[in-house]
Amino acid sequence: MVAAGFCAVAGLAAGQPAEIPLFPQGAKEPAGFVAQPEGLIEGKNDGVKRVGNVSVPTVAIYKPESGANGTAVLVCPGGGYNILAIEHEGTQVCEWLNSLGVTAVLLKYRVPRRDPEKPHLQPLEDARQAMRLLRTRGAEWGIKPDRIGVLGFSAGGNLSVMLALNPEGVDNMDNVRPNFLVPVYPAYLTVEGKNEALVPEFVIDDKAPPVCLIHAHNDRITPAGSALLYLAYQRAARPAELHIYSAGGHGFGMKANGDAINEWPARVAAWMRQIGVLEKE
């Protein structure tokens with residue numbers, strides 16, 4: 001049985017890499033949480049594929065058909081920490097990364113929100129576990145442990161920044177911190193009601209990984225977070241690049257609409273080449 005409004009998720013995996021559970025014994029959930037059947041949410045009629053009710057976090061390894069360069073990127077779809085926009089912020093991103101010789105790792109983290117005050121908590125556990133997996137088993141997939149980045153959209157962009165810059169609750173930050181970071185229209189980076197201040201969880205020190213930020217000026221979720229994060233990197237003398245396009249709104253992902261913002265993958269690829277992660281070692 002699947003919940004009303006959902007269809008079985010098995011169809012989503014057709015022709016795609018097998019999903020690897022991050023917690024073989026099951027992810028630890030908050031007391032009283034009752035899992036619902038995972039599935040694709042139907043009925044939106046906007047062309048966006050949404051996955052809901054994820055209680056078994058996984059990764060799927062997308063390997064390039066040829067020209068693999070040893071770099072991997074953990075891809076974090078967005079969806080307000082309530083659903084996952086699994087296609088235009090997920091599988092299509094993995095295909096683009098493969099075209100660069102990069103091994104893409106699609107993270108399916110837990111949704112919907114378990115903690116209304118800190119909705120990133122369980123997803124951050126999942127992302128950290130994914131990084132541990134890639135660092136310990138990456139050689140099986142041709143991944144170099146010092147060339148693992150993270151790319152996320154909206155809530156997934158928030159998650160990618162949390163993974164890179166929030167040491168709260170982790171003993172060995174070096175083991176879970178990505179080597180580079182690409183937040184695309186990241187959400188929830190600023191203190192609620194105060195767009196001039198980053199949330200206090202972020203620690204931007206001499207270990208903060210290089211970052212390339214993508215945003216639109218007319219994003220309904222403020223681009224101030226990306227701008228403030230860039231300025232914090234500049235103050236810390238850490239490598240950073242920022243692209244704020246005049247138009248594009250929120251949630252564009254890999255959608256082609258003819259706007260200049262559709263060029264963001266080329267800008268990110270150029271940046272990745274500049275920091276040396278697209279070259280074969």
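Start by selecting R114 and E29, whose side chains meet in a salt bridge at 2.8 Å, N to O. A salt bridge here is a side-chain nitrogen of Lys or Arg within 4 Å of a carboxyl oxygen of Asp or Glu. Helices (H or I, at least four residues) and strands (E, at least two) are DSSP runs, numbered from the N terminus.

Before you click on, a word on what you're looking at. This is a predicted model, where local features need pLDDT of at least 70 and side-chain atom pairs count only at pLDDT 80 or more, while totals for chains, interfaces and linings use all residues. Residues are numbered from 1 along each chain as its sequence is written, and side-chain values use heavy atoms, with hydrogens and water left out.

**Stop one: around E29**

E29 is partly exposed at 23%, R110 is buried at 1%, and R114 is buried at 13%.

Now hop over to K49 and E87, whose side chains meet in a salt bridge (3.8 Å, N to O). K49 is in the loop between β3 and β4 (50-52) and E87 is in helix α1, 38 residues apart, so to speak a link between distant parts of the chain. K49 counts as partly exposed at 40% relative accessibility, and E87 is partly exposed too, at 23%.

Select E29, R110, R114, E125 and D126 together: salt bridges that share partners join them into one network. In total, the structure holds 13 salt bridges.

**Stop two: D219**

Next, zoom to D219, in the loop between β13 (211-216) and α5 (224-235). D219 is buried yet has no salt bridge; the nearest side chain of opposite charge, that of R220, is 5.6 Å away. For this, Lys and Arg count as positive and Asp and Glu as negative, with His and the chain ends not counted.

What does the side chain of D219 make a polar contact with? Show H250: its side chain is the partner, at 2.9 Å. A polar contact is a pair of N or O atoms within 3.5 Å; within protein, one must be able to donate a hydrogen and the other to accept it, and residues adjacent in sequence count only if both atoms are side-chain atoms. Leaving aside neighbours within four places in sequence, D219 is in contact (heavy atoms within 4.5 Å) with Y185, G249 and H250.

Select residues 155-165, helix α3. Here 11 of the 11 residues are buried, so the helix is largely enclosed by the rest of the structure.

Then pick α6, residues 264-274, where W264, P265, V268, A269, W271 and M272 are buried. Look down the axis of α6: the buried residues fall within an arc of 160°, so they line one face of the helix. That arc is taken from the directions from the helix axis to the C-beta atoms. To see what the buried residues of α6 pack against, show β6 (72-76), α1 (87-99), β9 (148-153), β10 (180-184), β13 and β14 (240-245).

**Last stop: the cysteines**

How many disulfides does the structure hold? The count is 0, a disulfide being a pair of cysteine sulfur atoms within 2.5 Å. Select C76: the nearest cysteine sulfur, that of C94, is 10 Å away. For C212, the nearest is that of C76, 16 Å away. C76 is buried, with a relative accessible area of 0%, and C212 is buried at 0% as well.

Definitions and conventions
Buried means under 20% relative accessible area, exposed over 50%, partly exposed in between (1.4 Å probe, protein chains only).
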